[in-house]
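Dear colleague,

I am handing over a structure for you to look at, and below it you will find my notes on what was found. Please read them alongside the coordinates.

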Amino acid sequence: MWQRLRSALGRLRAGGPAPGPVPVPAIMERAVVRCVPAEPKLSVRLVLPDGSARHMQRDQEEPLGRALARLAATAAKGRAKAAKKSKKARAEPGEGEEAAAAAVPAVRLFSRDGLAVAEEVPNAAAWQDGAVLQVGEARYRVERNPPAVTELRLPRSLLAGFPVCPKVSAEFAAPRHCVFRWYRQRRPADGEGGGGDAAWVEEAEGTERVFTPCNALVGLRLKLRCTPGDGEQRYGQPCEVESSGPVEAGPGACTFDSRHLYTRKVCGHGSVRAVSYNILADTYAQTEFSRTVLYPYCAPYALEIDYRQNLLKKELAGYSADLICLQEVDKAVFVDSLAPALDAFGLEGLFKIKEKQHEGLATFYRRDKFSLLSQHDIVFSEALLSDPLHKELCDKLAEYPAVQEKVLQRSSVLQVSVLQSATDPSKKICVANTHLYWHPKGGNIRLIQIAVALSHLKHVACDLHPSIPVIFCGDFNSTPSSGTYSFISSGGIAEDHEDWVSNGEEERCNMPLTHPFKLQSACGEPAYTNYVGGFHGCLDYIFIDRTALEVEQVIPLPSHEEVTTHQALPSVSHPSDHIALICDLKWK
């Protein structure tokens, strides 16, 4: 069989190159070739003349002739099958018709110049963009690595007045180069154009990646068409997705609306707007304990992650921030919701998981202001045991086995990112993000965790990148009167501080600690950053290196009236039990 096919192809090529450029029809079918250097095989997708779709995978180093022979055999089989099917609908084939159906079609590949590509040329070099593939009488335009949408997804919950941020994944393309068109479901009153789910009306304002439906669209579903582009005037086949449900009415005024009045624009290149926010992980919000004990005052639908994500995305986008440090970020929320949404607003995201909890930390930075130089994330318990930086602390902790055991059981992490200014490469900054142990009696555990964090930051900001300023954000689970806050702010803590016995004499742990930084809370000491039914207090901070940075403005927190409109947080108008801290900083 193989010899017969090669002989047939040899006869087709016996005349050598075409005498002139092969005539190219105005409209041709597509032969889509995917060829990535890191992969051993390339793929060819096309619809053969008999109407069958084919996906052929071949070794990149294989000679073109073998690939064409295989394609010819496949086309011949398809033609024969089509001939057999047609027998039932008509009389027996005429003389010579069966032989014609079984004949191997001519299969050749022509370069953009119209010359036949030699069969010994490797596949990777032969299948070039713009080449023409001939299969019998049919001709195909070769599209090598065209822009393609690999995933297009809309959120399950759509609210009027809240941005709809699709998840767009593309190959050989970038979302910022894609063309977007938004449509709404046609109403019966709209007149012509059909009816039902198949009829759509293009939205005049719907030409951006993010679309905010107005109140007039309540009750209607949305559709998005994305045409992938690579920024070099190459566009792939459009992809469409329809929303699973209609647009619903929004909650009206939210706690963050008044804060957006201060953050309408991105601040200038000499300044940095930083946000720190515990966004309440879905893994904690969706428990029976949360619904009945922690947040019984919150409407159940307002605890649903799809609803809260609408509020979170609008809130975060409206802050026009350069740096966003988030805590309690579910991995799926980061991958499927926050990262795609904030990417659309110019922010790049980094994620660090807490393995035991399936949630973690996320740091976002504005792409046109910063580039990422390096990451230095750690798990406190692992670093304490394995990193020589912490040997002295580890040895001291070994004297207190009960405390040591608790520290090593915790999965708390520290996310550290070194960023460089896009406009002034001499300006670098170390951005740290953490979420310390939560237990009210865990002050001693938090002191150990923050000691590890500051020692690690000293290594990054003093040894690896000498003299770069630090911004340290997070939910420290520590009030301004705590030992942790005092240690961070003052640079030291005495061995007789009361927090060393925060969980009683059995877990006493006494040791003096120091660190070299001059840190201050950029947003001061608010009355509270966490407000739930049974507790309110200041637990979240943005600590800055006061020797290198100064505060330009602190965005006011929501008023107490706004926070307590629905008794406490979270609520239908606020997506978390914490409140975001926001401040504008500048280099001294």
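Strands here are DSSP runs of E with at least two residues, helices are runs of H or I with at least four residues, and both are numbered from the N terminus; two strands pair if DSSP finds at least two bridges between them. The model is predicted, so that local features need pLDDT of at least 70 and side-chain atom pairs count only at pLDDT 80 or more, whereas totals for chains, interfaces and linings use all residues. Residues are numbered from 1 along each chain as its sequence is written, and side-chain values use heavy atoms, with hydrogens and water left out.

V275 stands opposite I582 in β29, and the strands β13 (residues 271-278) and β29 (residues 581-587) pair in the antiparallel sense over six bridges.

An open sheet of six strands runs in the order β15-β16-β14-β13-β29-β28, with mixed pairing. Because β15 (347-354) and β28 (549-554) stand at the edges with a single partner strand each, one side of each is left without a neighbour in the sheet.

Turning to a helix, α15 (residues 483-490) has as its buried residues (under 20% relative accessible area, with a 1.4 Å probe and protein chains only) G483, T484, Y485, F487 and I488. Among the elements that cover these residues, with contact meaning heavy atoms within 4.5 Å, are α14 (443-464) and β27 (540-545). G491 follows α15 and has a positive phi, near 95°.

Best regards

Key:
Buried means under 20% relative accessible area, exposed over 50%, partly exposed in between (1.4 Å probe, protein chains only).
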